[in-house]
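Please keep the sequence and the model in view while reading.

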4 protein chains.
Amino acid sequence: MSDVMSSTYKGDILDVMIYGESHSETIGVYVNGLPANVTPDTARTAAFMARRAPGRNAWSTPRKEADEVVFERNGAMLHGYIVNTNTKPKDYSSIMNSPRPSHADYAAKLLYGEGASKSGGGIFSGRMTAPLCIAGSIALQELEKRGIQVSAHIKRIAGIDDDSYSAHGVNDEGFRSSLAAVAGKEFPVVSNERGELMKEKIEQARTEGDSVGGVVECVVYGFPEGIGGPIFDGMEAKIAQLIYAIPAVKGIEFGNGFEGSDLKGSENNDPFVYADDKLELKTNHSGGIQGGISLGNVAPIVFDCAFKPTPSISKIQETVDLKEHKNTTISIEGRHDPCVVPRAVPVVEAATAIALYDLLLATE
Amino acid sequence: MSDVMSSTYKGDILDVMIYGESHSETIGVYVNGLPANVTPDTARTAAFMARRAPGRNAWSTPRKEADEVVFERNGAMLHGYIVNTNTKPKDYSSIMNSPRPSHADYAAKLLYGEGASKSGGGIFSGRMTAPLCIAGSIALQELEKRGIQVSAHIKRIAGIDDDSYSAHGVNDEGFRSSLAAVAGKEFPVVSNERGELMKEKIEQARTEGDSVGGVVECVVYGFPEGIGGPIFDGMEAKIAQLIYAIPAVKGIEFGNGFEGSDLKGSENNDPFVYADDKLELKTNHSGGIQGGISLGNVAPIVFDCAFKPTPSISKIQETVDLKEHKNTTISIEGRHDPCVVPRAVPVVEAATAIALYDLLLATE
Amino acid sequence: MSDVMSSTYKGDILDVMIYGESHSETIGVYVNGLPANVTPDTARTAAFMARRAPGRNAWSTPRKEADEVVFERNGAMLHGYIVNTNTKPKDYSSIMNSPRPSHADYAAKLLYGEGASKSGGGIFSGRMTAPLCIAGSIALQELEKRGIQVSAHIKRIAGIDDDSYSAHGVNDEGFRSSLAAVAGKEFPVVSNERGELMKEKIEQARTEGDSVGGVVECVVYGFPEGIGGPIFDGMEAKIAQLIYAIPAVKGIEFGNGFEGSDLKGSENNDPFVYADDKLELKTNHSGGIQGGISLGNVAPIVFDCAFKPTPSISKIQETVDLKEHKNTTISIEGRHDPCVVPRAVPVVEAATAIALYDLLLATE
Amino acid sequence: MSDVMSSTYKGDILDVMIYGESHSETIGVYVNGLPANVTPDTARTAAFMARRAPGRNAWSTPRKEADEVVFERNGAMLHGYIVNTNTKPKDYSSIMNSPRPSHADYAAKLLYGEGASKSGGGIFSGRMTAPLCIAGSIALQELEKRGIQVSAHIKRIAGIDDDSYSAHGVNDEGFRSSLAAVAGKEFPVVSNERGELMKEKIEQARTEGDSVGGVVECVVYGFPEGIGGPIFDGMEAKIAQLIYAIPAVKGIEFGNGFEGSDLKGSENNDPFVYADDKLELKTNHSGGIQGGISLGNVAPIVFDCAFKPTPSISKIQETVDLKEHKNTTISIEGRHDPCVVPRAVPVVEAATAIALYDLLLATE
C-alpha cells in the first residue's frame with residue numbers, strides 16, 4: 001500500500017490520476033486514454049478554472065492563486081497542472097496532535113501516520129479540486145462538441161433558495177438558458193436577487209467567525225438516451241462515485257430524491273406525455289434517469305449535492321490533545337472561505353462531466 | 001455492447017456479477033476472488049434472505065417466492081442462485097408500447113430495443129435484489145467474523161419517523177443493541193410503536209391503490225479505522241456506488257447530509273473528545289467518515305438512503321401510446337408491494353457489506 | 001492472497017476463470033463478458049473435447065475420462081464444466097516430501113504450503129487443459145462464424161518432422177486444407193506417414209519407461225488485418241501470454257523465430273508481392289505479424305510452441321527427502337502419457353482462440 | 001479506438017504508458033502506482049540508458065542520441081522522458097506507398113491509415129525501447145535493493161555463441177559474477193573473445209549492406225521463491241508478455257525451451273539435490289520456473305529471446321507500389337544498425353524487471 005499523495009480513478013476508458021498538496025511544487029492531473037483528436041482549448045480551460053478560483057471577492061478566501069494551467073500532451077496521456085506559488089514547508093505537528101474538528105487532520109494521521117505531520121494531509125484540501133476541474137474542463141469541452149450542456153448552480157445556502165429546476169417545466173428552454181448564463185456570473189445563481197441574500201448570509205457567517213454550507217444543483221441537457229444499465233451499471237452509481245470525490249460533499253440525490261421518498265406513488269410518478277409532438281416526462285422526479293438509464297431529450301439529468309459548511313472557523317472549538325490524552329480547545333487562525341459552495345459549482349460540473357464523458361467513450 | 005441480462009461490479013478484489021429476470025429459470029450471482037477459507041453459512045444466508053422475502057404479511061406483495069439459495073463453490077468463484085418457480089413467458093409488448101410511469105419500461109426499451117418486449121426488462125425488477133442479498137450475505141458473514149456489525153432499519157415512511165441514530169450518543173451501546181435486534185423483526189424498525197404507525201400508512205396506501213416511499217438508515221459498527229482515502233478513494237464514493245445498485249434508491253447522504261448543509265460550521269463540526277478515556281466524536285454529523293476515511297471506534301459509519309415510492313400503483317395514470325404517437329392512460333393490474341422499504345432494509349445491508357468487504361480484502 | 005485452486009485471465013472484454021483439480025468433484029471454466037447471442041454448440045464442443053481426451057490409444061494414458069461438458073449460461077456468464085469420475089482423496093504427502101523432478105510438486109508446496117499435500121497441486125495437472133479447451137471451443141466457434149480458421153498440428157516429435165507451413169507458399173490453399181483435415185485425425189499430423197514414425201518414437205519411449213516432447217505449430221487463416229498495436233499491444237504478447245497458460249510449454253516463436261535470428265536481413269525479410277493481383281508476403285518469416293499487428297490475408301499468423309517431455313516417467317530419478325534433508329531416488333508409478341504433444345494440439349488452438357476472440361470483441 | 005501514438009501496460013499494480021515517435025518532441029514513459037519511497041537514482045538510470053544508446057562504435061548507427069532522462073515525480077506517478085533533438089518533420093508517404101519489407105510500415109498503415117504518412121509509424125521504431133528502459137531502470141533499482149540481479153547478455157549472433165548459462169552449474173557463482181560484469185562492457189558478452197568474432201560478423205554484414213540477428217539470454221538471480229501461479233498466473237506468461245513489447249523479438253523460451261522439446265523426460269527432467277546442504281536443481285532445464293512458479297535460490301530464472309535481423313538494409317529488395325498496384329523494388333537509404341542485438345541486451349533486462357517488480361509489488 002502506497003502512502004503517496006495521489007489518487008486514481010479507473011473509468012471504463014479513462015484513467016484519471018490527481019496528485020499534489022497545498023504546498024507541493026505543483027498540483028495536477030493525469031488523464032490516460034484520451035482519443036487522439038482531443039486537444040484542450042486552453043482559453044476555455046482558463047475561463048473554467050477562473051470560476052473556481054478564490055480571492056476575487058468578499059465571500060471567498062483572499063489567498064491569491066493564479067491557477068494557470070499548463071498542459072502536456074503525450075500520446076493518450078494528458079497532464080494538466082498548476083505551479084503552486086506558496087510552497088513554504090509548514091509544520092503541521094500541532095494540528096496533527098490537536099486535530100481540527102471535521103477536518104481531515106485525524107483521518108490523514110490514520111492514513112499516513114507521522115508522515116502527515118509534514119504535509120498536513122494537504123491532498124484533502126479543497127485546493128485539490130483544481131486538478132479535478134482541469135480534467136473536467138476537457139470532458140466538458142468534449143461534451144459540448146456533442147451538444148451536451150452540463151450546468152450547475154447554487155440551489156441553496158443558509159436557508160436561502162435560488163430559483164431551481166423543479167420550478168419549471170421538464171424541458172423549459174428559458175430555464176436552460178438561465179442555467180447556461182450562470183457560468184458567466186461571479187456568484188453562480190440563477191436569481192441574482194436571491195444571490196444577494198445568500199451573500200449576506202455568507203458575510204454574516206464570516207463576521208461571526210463561522211461558516212455556512214449549501215446545496216448545488218446540476219442539470220445535464222442533451223445527453224444521449226439509453227446510456228447506463230441495470231444494477232451496477234446505473235448512471236446514478238457512476239455519477240455519485242465521481243461527485244463523492246469532491247471534499248465536503250455529504251449527500252447526493254437524483255430528481256426529487258429525499259423529498260420524493262415522502263410522496264405517494266401517484267404524486268411521485270412521472271407520466272409520459274407528448275408535448276408539441278415530442279415525448280417527454282410531465283414531471284421529472286426521476287432526475288432524467290430511470291432503471292439506471294438516461295432518457296435523452298425525454299428528460300434532462302438532474303441531481304443535487306449537499307456540501308457541509310467548511311470546517312475551518314475561527315470560533316473556539318473543542319478538540320483533544322492526542323499526546324497528553326486530554327480534552328482541549330482550538331481556534332483556527334488565518335482567513336478561510338466562510339462558504340465553499342460558490343466555488344464548488346464548477347467542481348460539480350467537472351466531476352459530472354468526467355463521469356459522462358467516460359460513459360460516452362465506452363459506447364462510441 | 002452486449003444486451004445480455006446481467007451486470008458486473010468490478011471491485012478492488014471481488015468481481016460480482018448478477019444475472020436473471022423475473023421469469024428466467026434462475027436468478028443469481030457470481031462472486032469471483034473469494035479467499036479459499038470463505039464458506040457460506042447456508043443457514044445464516046437463508047435467514048438473511050427471509051428478511052427480504054415477500055408474501056409474508058399485509059404490507060407486501062402476496063406472491064410467494066421460496067428464495068431458497070443454492071451455492072456452488074469452485075475455486076475462487078462462488079455462485080449462489082435461486083430457482084424461479086414462475087417462468088411462464090409473458091408478453092410485455094403492451095407495456096413496452098405504453099410504458100408505466102417511472103418504471104424502467106421505457107428505459108429497458110432504450111437499452112434492449114425490441115428484445116425488451118420478451119422480458120419486460122425483468123432485470124430491473126426489485127426481484128433482482130435477491131442475488132445482491134446472496135452476495136451480501138457472504139460479505140456480512142465475513143464482516144461479522146471480524147466483529148463488524150452492519151445494521152439498517154426503516155428511518156422514515158410516509159412522514160412517520162423511527163427512533164434513529166442521531167437521537168443517541170455517538171457510540172451508544174443501547175442503540176447499537178436495538179439496531180442489532182431489528183434483524184429479527186418482521187417489520188424492521190427500532191420502535192415497534194412507530195412501526196405500527198408506518199404500517200397503517202402503508203395499509204392506507206394499499207387501500208387507495210397507491211404506494212409510499214421512505215428512508216433507510218444504515219449504521220456500521222466496528223469497521224477498522226484508516227480505510228479509504230482522499231479524492232477518488234473515499235469510503236463515501238465506494239458505498240454510494242454500491243447503494244445505487246439498488247432499484248428505487250434516489251438519494252444517499254452520510255451523517256447529517258442535506259440537513260447539515262443548512263447548518264453553520266460551528267453547529268455542524270464534530271468536536272473530538274475523550275469520553276471514558278476513549279477518543280470519540282462528540283456528535284457524528286460526519287457519518288463516521290472524514291476525508292473519505294473511516295474513523296474506526298471514534299465514530300461508526302452512518303448513512304441514509306432515499307427510496308422512491310414504488311411506481312406500481314393501480315390508480316389510473318397518464319402515459320403514451322408509442323405506436324399511435326398519442327397520449328393515453330394506464331392502470332397497472334395485479335397486486336404489488338405498496339411499499340418496498342421494509343424489504344429494502346436487508347438489501348441496503350447487503351450492498352454496504354459488499355463495499356466494505358471488498359475494501360477490507362484489498363488491505364488485508 | 002488466496003490459495004484457492006483457480007486462476008483468472010482478465011482480457012480486454014472477457015474474463016476467463018479456470019478451476020479444479022484432478023480429484024475435485026468438477027473441473028471447469030467461467031467465461032464472463034460473452035455477448036448475448038453467443039450460444040455454445042454442444043455437439044461441436046464435444047467433438048473438440050474428444051480431440052483432447054486421453055485413453056483412446058497406445059500412446060496416451062489409458063485412464064478413461066468422459067470429458068462430457070455441461071454448460072450453464074446466465075447473463076453474460078458461461079460456465080462449462082466436467083464432472084470428475086475419480087474423486088477419491090489421495091495422500092500426496094509422500095511426493096510433497098520427495099518432489100518429482102520437473103513436476104509442479106515442489107512449486108505447489110511453495111505456493112500452497114502444507115495444503116498442497118491434500119491436493120497434490122492438482123491444478124497444475126495437464127487435466128486442467130480440459131477447461132481451457134471448453135472456453136476455447138466457444139471462442140473457436142465464434143471465430144469460425146467470422147471465417148477464421150485456427151489450425152494446429154504436431155510439427156515435431158523426437159526429431160521426426162511433420163510436413164509444415166514453411167514448406168509451402170504463404171497462402172497455399174492446399175496446405176490450408178491439409179491443416180483443416182488434421183482436426184479429424186486421431187493423430188494430429190499433416191503427413192500420416194510422418195505420424196507413424198512419431199508414434200514409433202512414442203511407443204519406444206513408453207517401452208523404456210521414458211517420455212518425449214515436441215513442437216506444435218499453429219496457423220491462423222482469415223484473421224482480420226490491423227488488429228494489435230505497437231509495444232504492449234502487440235499480437236505476439238497477447239498470444240504468448242495465453243499459450244503459456246498451457247502446462248509444459250517452455251517456448252513460443254512466431255514465424256521463423258529462433259531460426260530467423262541466425263539469418264541475415266536480406267534472407268529473413270519478407271518481400272511484398274502482388275500474386276494473382278492480390279497483395280501478399282513472398283515469404284512469411286514474420287509469422288503474419290509485423291509491428292505487433294495482424295496482416296490479414298497478406299499473410300496468416302504462424303507460430304510454434306515447444307512442449308517439454310512429460311516429467312512423469314517410471315525410470316528411477318534422483319530427488320531429495322525434504323524432511324530428512326538428504327538425497328534419495330524416486331520411481332513414479334502408474335501409467336502416464338509418454339507424450340502429451342498429440343493431445344496438446346487442440347489445447348494450443350483453444351488458447352489461441354481465446355486470445356484472438358478477446359481481441360476481436362474489443363474492436364467490434 | 002484511439003490512434004494516438006502510445007501504448008499502455010496494465011499490470012497488477014503498475015500501469016506503464018509509453019509514448020512518442022522518432023521525431024516527436026519527446027519520448028517517454030509514465031509509470032503509475034509506484035510506492036512513495038521509490039525515487040529514481042538518476043545517475044544509475046543514466047548509466048543504464050548509456051548501455052542502450054547508439055552511436056558509440058562501428059557496429060551501431062552513428063546517429064547521436066543524448067538520451068538524457070528527465071524525471072518528474074507527482075504522487076504515485078513517475079514520468080521519465082527524453083527530449084528528441086531531431087524533430088524535423090519527414091514525409092513518409094513514399095515508404096508508406098512502397099512499404100519496406102518486414103518493417104512496420106505496412107502495419108502502421110493498417111493501424112493508423114493515412115495518418116501514418118506523417119509519422120512513419122514512428123512508435124514502432126527501436127528508438128521506443130528507450131522509454132521502456134527508463135521504466136525498467138526504476139524497476140531494476142528496486143529489484144537490486146531486494147538483492148535481485150537481472151543480467152542479460154548476447155548469447156548468439158550470426159552463428160557465434162557466447163559462453164552461456166547452460167555451460168555452468170545451476171548456481172555457479174563465477175558465472176553469476178561474469179554476467180554481472182557484462183553490464184560494464186561496451187559489447188555485452190561474457191567472453192570478450194567470442195564477442196570479437198561476433199563484431200567481425202556484424203562488420204561484415206555492414207559492409208555488405210546487410211544485417212544480422214541474434215539471441216539474448218537473461219538470467220535472474222535472487223528472485224523470491226513461490227511467486228507466480230498455475231495456468232494464467234504463471235511467471236512465463238507474465239515475462240513473455242513484457243518481452244514481446246520489444247520490437248524485433250520473435251521468440252522466447254525458458255530453460256532449454258525448444259531444445260528441451262527434442263529430449264526425453266529422463267534427459268530433460270531436473271533432479272533435486274542437496275549441494276553443500278542447500279537444495280538446488282541438478283540441471284536447470286526448467287529455467288527456474290516450475291508450474292509457473294519461481295523456485296528462488298533452488299534455481300535462477302533463465303530464458304532466451306530471439307531477435308530477427310534488423311529489416312533496414314541497403315541491399316535492393318522487392319516490394320510493391322500500393323498506388324500503382326504493381327511490384328517494384330526498394331533500397332533503404334541512410335545508415336542503420338547492422339545489428340540491434342547488443343543494444344537490445346539492456347532492453348531485455350528492462351522488460352524483465354518491469355514484469356518481476358510488478359509481481360513483487362502485488363505480493364508485498
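In which sense, left-handed or right-handed, does α1(B) pass α5(B)?

## Basis of the description

The model is predicted, with pLDDT of at least 70 needed for local features and 80 or more for side-chain atom pairs, while totals for chains, interfaces and linings use all residues. Residues are numbered from 1 along each chain as its sequence is written, chains are lettered from A in the order in which they are written, and side-chain values use heavy atoms, without hydrogens or water.

## A helix pair in chain B

The crossing of α1(B) past α5(B) is right-handed, meaning that the near helix is turned clockwise from the far one by less than a right angle. Helices here are DSSP runs of H or I with at least four residues, and strands are runs of E with at least two, numbered from the N terminus.

Residues contributing to this contact (heavy atoms within 4.5 Å) include Phe48(B) and Met49(B) of α1(B) and Ile134(B) and Ile138(B) of α5(B). By class, seven residues are nonpolar, four polar and three charged; Ala, Val, Leu, Ile, Met, Phe, Trp, Tyr, Cys and Pro count as nonpolar, Asp, Glu, Lys and Arg as charged, and the others, Gly among them, as polar.

## A sheet in chain A

Three strands of chain A form an open antiparallel sheet in the order β9-β14-β13. β9 (225–228) and β13 (289–290) of chain A are at the edges, each with a single partner strand, so one side of each has no neighbour in the sheet.

Strands pair if DSSP finds at least two bridges between them; β13(A) and β14(A) have two. Gln290(A) lies opposite Ile293(A) of β14(A).

## Chains C and D

Contact between these chains involves 100 residues of chain D and 100 residues of chain C.
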